[in-house]
Amino acid sequence: INTKVSKTDCYLVSNETISSTKMSASKDKPGDTKPDPKAETVLKLQAYAKPVIHLITSATPIIIASVGKAHAIYMSLPDDYLQLLWGSILCFFGGVYPALFAALEAAKHGGLDTAQEAFKDLANEATVIIEASKKDDDRDDDGDGVKDVDALPPKELILRKAHLVLTKMNPEKINKALVSLYKVWLAVMAVLSIQFARTVALAVSISKFLNAPMDKYVVPAVRTIVPNDYSRWIPVLSGWLTKSIAMSFAFYLQSIISAFTSAMIGALLITRTIMSIAHKKGITLGGLIPADHKETQIDEMGSYVLAAMGFIFQWKMNFDMPFPFNILLLPVEFAENFVRWSVTKVD
């Protein structure tokens, strides 16, 4: 038997022995094991779960109470005053919200009545669930003097409320309402996508018109000051600039069109609502204000003056909501941004 061992063999054996020893040592020491990313993520979520659940359980009653008070105030207002408020918003601020105004106009032809009935059904179901939740909050089945919901951990409380929602709601009614809203929303998005596509087409035409003077006068001047290494970016940046200018101008024109249209519609709504309020209070001005607006043209003539005032007002503020109206109409601002985002997503 050859008992000679080379230095290389000794080196390999020693390395294998050391590596195996390190591996066994690493297995014996839990602190040296590599942490599992999924396990760490689960632990982090568990750490944040309780505060989030506490936030939800604390904020939900406040939101429900606020919505209930707002709904009570809304229901207490006469329809005429609501129409007067809506007409004033359209007349003096309709051009600030062109996407929302277009969505409302599209909804009138795409099933606005259906959407209103669907919202009413959802509101009724929400009212049933809220009332059932209030009764559930007062229950003390074990008789220990502590309400059951206060003694439950957050996870069990969420499961309990979810069970209450699922058992108290009417699934068929909810499904019918959601399907109706989705159909109306698809119709509205179809109209808005076409309308904004025309605006984009106008912007493309303006951009092509601006490209010629840009290439003739601006681009050569820029090439003299830009290093040659970056000269390839000049045509690209020039195209971006012309498209940005064209898009801004096209949407500004869209705001003007929307302002003019909304001013006329809002003004007519204001004059007819004022006539309705005056007639209900017995104010006829010697028979000039009839019971039906179709019997006179006073509402149209008055709306012309109001429409001019509304359009000039929007023009003076450059079709942008000034302070403090931007705070008062914050829900409208949110709705406008949501519609714009939805249309952009569709496109």
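Ring pairs link Tyr252, Phe260, Phe311, Trp315 and Phe319 into a cluster. The model is predicted, with local features needing pLDDT of at least 70 and side-chain atom pairs pLDDT 80 or more, while totals for chains, interfaces and linings use all residues. Residues are numbered from 1 along each chain as its sequence is written, and side-chain values use heavy atoms, without hydrogens and water.

Q: How many aromatic pairs does the structure hold?
A: There are eight. Rings of Phe, Tyr and Trp (its six-membered ring) pair if their centres lie within 6.5 Å; planes under 30 degrees apart are stacked, over 60 edge-to-face, and the rest tilted.

Q: What makes phenylalanine 260 and phenylalanine 311 an edge-to-face pair?
A: Their centres are 5.9 Å apart and their planes stand at 85°, which makes the pair edge-to-face. Phenylalanine 260 lies in helix α9 (residues 233-280) and phenylalanine 311 in helix α10 (residues 298-316), 51 residues apart, and the pair links distant parts of the chain. Helices are DSSP runs of H or I with at least four residues, numbered from the N terminus.

Q: Why is the pair of tryptophan 315 and phenylalanine 319 called edge-to-face?
A: Because the planes are at 85°, with the ring centres 6.0 Å apart.

Q: Why is phenylalanine 319 called buried, and why is tryptophan 315 called partly exposed?
A: Buried means under 20% relative accessible area, exposed over 50%, and partly exposed in between (1.4 Å probe, protein chains only). Phenylalanine 319 has 8%, so it counts as buried; tryptophan 315 has 45%, so it counts as partly exposed.

Note on methods
Helix = DSSP H or I, 4+ residues; strand = E, 2+ residues; numbered from the N terminus.
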